[in-house]
Amino acid sequence: MIQVIKSYKFRIYPNNEQKETIENTFTACRFVYNQVLQYYNEKYKKTRKNPTREQCINKAIKIKEKYTWLQTIDPIAIQSAAANVKTSHLIYYRTKKHPPHFKSKHNPRKSYTTRNTIEIIKVDKEKNIIYLPQLKWIKAKIDRKITGKILNATISNWGDNKYYVSITIKTTKTPLKKTQKAIGIDLGIKDLIITSTGQKIPNLALDTKYHKKLKKERKKLYKKQKHSKNWEKQRIKISKIHKHIHNKKIDYYHKITKKLVTDYDIIAVETLNIKKMIREPSFSKKIQEAAWAEIIRQLEYKCEWYGKQLIKINPYYPSSKLCSVCGYKYNNLQLNEREWTCPKCHTTHDRDINAAKNILNEALRRKQ
């Protein structure tokens with residue numbers, strides 16, 4: 001048995017009073033986050049030292065005492081918002097992408113997190129209800145049984161005028177049966193995944209499929225007065241299309257990755273330098289649409305959960321240029337060449353399948 005932390009996301013249906021409480025909590029958490037972020041920046045500027053998580057939470061407690069309208073808000077949610085300031089900075093120092101910025105009230109995506117400190121969060125699957133701090137029992141669509149210790153709950157609204165709750169639990173996973181099989185996979189654009197067995201899994205290309213529809217709806221949005229009621233209705237309509245694309249893509253990826261982890265004990269994949277690849281204008285949009293990082297992320301945690309092994313190959317390994325039969329390196333291979341014949345052993349290769357075979361060979365070599 002393997003100890004894991006996982007989340008279940010459910011749609012919730014709050015009544016008008018509960019909606020008001022949720023929206024007030026969103027506002028309070030955004031306000032506290034901005035106040036603590038300002039404190040964090042000022043303190044660092046003066047002392048050149050980063051405040052600790054405890055100092056951020058203590059600042060949030062003082063802010064809550066200062067403003068009376070914060071007294072009715074879930075205190076754990078406010079403390080979590082303050083702790084997120086420190087978390088955001090830690091992520092920034094690690095990735096060097098974007099420094100934490102102040103949250104805008106016009107951002108349609110809103111969320112807050114509350115911890116299960118006194119075992120108050122409960123899920124009743126039979127009655128389709130969830131008990132949450134400040135909200136009490138709330139209607140939900142629960143399609144899976146939760147087994148494990150509930151750690152926290154995140155309530156969110158992603159701009160589509162629908163509310164969701166993500167329940168994080170600590171539970172155990174039973175390793176899957178060993179198959180004694182290994183596979184190499186090459187990630188592509190036209191075909192999303194190409195395996196060393198010769199299978200090609202197509203790319204849904206949902207962004208391309210819905211491009212015209214989104215373009216049409218965006219034109220309607222631009223013609224309306226910003227932040228008016230009609231503008232807000234149209235914005236929600238666009239958000240729902242984006243949510244639909246996201247849900248279909250994630251569901252598709254989950255099915256693919258679960259089957260790979262179930263069928264194979266060793267999965268070899270190339271570590272792609274996606275940041276560098278998206279700088280190429282002709283491929284940038286298609287690479288982002290393919291979302292390769294999401295596939296690798298799912299494979300990583302599923303292999304860990306189910307006792308399988310994911311081996312990552314160096315991005316500079318010439319998997320496409322090597323002959324998987326004799327090892328000859330074809331240096332003159334061009335990007336538009338989808339098939340090539342090895343000058344040494346005269347084997348004709350499909351570029352992507354050959355790359356997947358070489359990725360598997362390199363992974364097995366490294367494992368020895």
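How many bridges pair β1 and β5, and in which sense? Three bridges join β1 and β5, in the antiparallel sense. Within this pairing, Tyr13 has Lys139 in β5 as its bridge partner.

This is a predicted model, in which local features need pLDDT of at least 70, side-chain atom pairs count only at pLDDT 80 or more, and totals for chains, interfaces and linings use all residues. Residues are numbered from 1 along each chain as its sequence is written, and side-chain values use heavy atoms, with hydrogens and water left out.

**The sheet**

Helices (H or I, at least four residues) and strands (E, at least two) are DSSP runs, numbered from the N terminus. Two strands count as paired if DSSP finds at least two bridges between them. Strands of a sheet pair through backbone hydrogen bonds, either parallel or antiparallel.

Seven strands make up an open sheet with antiparallel pairing, in the order β2-β6-β7-β1-β5-β4-β3. At its edges stand β2 (109-115) and β3 (122-124), each of which pairs on one side only. From one strand to the next, the twist averages 35 degrees.

| Strands | Sense | Bridges |
|---|---|---|
| β1 and β7 | antiparallel | eleven |
| β1 and β5 | antiparallel | three |
| β3 and β4 | antiparallel | three |

Lys6 has Ile169 in β7 as its bridge partner. Val123 stands opposite Ile130 in β4, the strand of residues 129-132.

**Helices on the sheet**

Helix α1 (residues 16-47) lies across β1 (2-13), β2, β5 (136-141), β6 (149-158) and β7 (163-173). It runs at about 95 degrees to β2. Helix α9 (residues 292-305) lies across β1 and β7, at about 125 degrees to β1. Angles run from 0 to 180 degrees between N-to-C directions, and axes are lines fitted to C-alpha atoms, for helices over the stretch in contact.

**A helix pair**

Helix α5 (residues 211-222) packs against helix α6 (residues 229-263) at an angle of about 160 degrees, and their axes are 9 Å apart. The two helices are therefore roughly antiparallel to each other, a term for angles over 145 degrees. Contact means heavy atoms within 4.5 Å. Among the residues making the contact are Leu214 and Leu221 of α5 and Trp231, Ile238 and Ile241 of α6. The residues of this contact divide into six nonpolar, two polar and six charged. Here Ala, Val, Leu, Ile, Met, Phe, Trp, Tyr, Cys and Pro count as nonpolar, Asp, Glu, Lys and Arg as charged, and the others, Gly among them, as polar.

Definitions and conventions:
Angles under 35 degrees count as roughly parallel, over 145 as roughly antiparallel, 65 to 115 as roughly perpendicular and the rest as oblique.
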